[in-house]
Amino acid sequence: MTIDSVGLRVLTRAECVDLLGSTPIGRIVFTDRALPAVQPVNFVLDGQNVVIRTGLGTKLAAAARNTVVAFEADEFDKEGRTGWSVTVIGHARAATDPAEIARLSRLPLTLWVPGGRDHYIVLPIEHISGRMIGDRD
Amino acid sequence: MTQHTTGGDTGRRIARRRQDLGLTREELGERAGMVPGYIQYVEESTTPITTGDLLRLAAALDTTVDELLGGDQEEPPGRSGPTGRQELKPLGREECLRLISPGGIGRIAWYGLSGPVVLPVNYKLHDGAIVFRTKRGGPIDEDLRTGIEGVEIKVGFEVDRIDEANHEGWSVLVQGPAHHVTSEEEIAKVAEAGVESWAGDRLDHYVRIIPHQVTGRRITSL
């Protein structure tokens, strides 16, 4: 068991991937007018890829093309005392191959933000890290 | 009969409430008059559940249907599920600040020495700024600096309240410089904010995010 410099338990890669697969919402970080922007998104884990669906022409779609992106998911109890947090870093790319888009469109990816949702961002898990917060484990 | 969609948030709320009470699926099933397999199905899959079943589960879990549907969230539970129409509305600065004023958990993001960083922190809104604690000299403190005296790193800070079960919620993004609190006078002032920390007194350094830009959006079911 590894503990970080502030006393939180460091999660293994397998634990991180498992937790990531247990939640439908994450937050993606991208650059908007030279400032870091953070936006909640629905996502699904497709093997070792985080898949996000967004509208073509959105700020997020424009920003998350062939660039290094950070993605975070977490879950906390109501009081915010215990929970976990996982961060993924990777080179995001837009899915352009029709066969890939067809396959991605069959993933169980819940959509509830209005607007055209015809654009897929694929973020391979190149680096993943996570922490367990509080004494849940 | 009215059907509610579970799975996602509602399923997780049922599972969490059950675990909080220290009940197994078998025990909850016994209380609610349901087989354990059905409890598992309700907790894990996105399946419609009748109001009757939801009422029995709520009673067995000593809670209310509203609570299981996320009625404690900012938004009342919507009437439309995944097939309903949603509306996305931009929020004004004042409304955004009002939504994030209770404090709690937010996510801070910045471009550090080795690339983008994002992590959750406990925060309070104090004196017009976001305040959170970190470890003095720790990796976050070190990385949240430009290395140039007087030049502060620009960060993004996000807070949201999302009800996946009802497809509603809001998110707020604050952008601005991360100011390291260093003078005794300033430290005494931010200490009033009473920001909680997951690591107790080990987090002895305060950072204030000055909200230069505040934007947000709300998604409501129609």
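Predicted model: local features only at pLDDT ≥ 70, side-chain atom pairs only at ≥ 80, totals over all residues.
I started with the overall size of chain A: a compact globule of 137 residues would have a radius of gyration near 14 Å, and chain A has 16 Å, which agrees. The radius is taken over C-alpha atoms, and the globule rule is 2.2 Å times the number of residues to the power 0.38.

Residues are numbered from 1 along each chain as its sequence is written, while chains are lettered from A and ligands numbered from 1 in the order in which they are written.

Next I looked at what chain A is made of. I found three helices and nine strands (DSSP runs: H or I of at least four residues for helices, E of at least two for strands, numbered from the N terminus). From the N terminus, the order is β-β-α-β-β-β-α-β-β-α-β-β. Buried residues (20 or more other C-beta atoms within 10 Å of their own, with C-beta atoms placed from the backbone) make up 34% of chain A.

Then I turned to where the chains meet. I got 37 residues of chain B in contact with 30 residues of chain A; contact means C-beta atoms, placed from the backbone, within 7 Å. On the chain B side, β5(B) gives the largest share, seven residues.

Last, I checked the domains of chain B: domain 1 covers 3-72 and domain 2 covers 88-221, with bounds from an automatic or database domain assignment. Their centres, over C-alpha atoms, are 34 Å apart.

Conventions: Contact = placed C-beta atoms within 7 Å. Buried ≥ 20, exposed ≤ 12 C-beta atoms within 10 Å, placed from the backbone.
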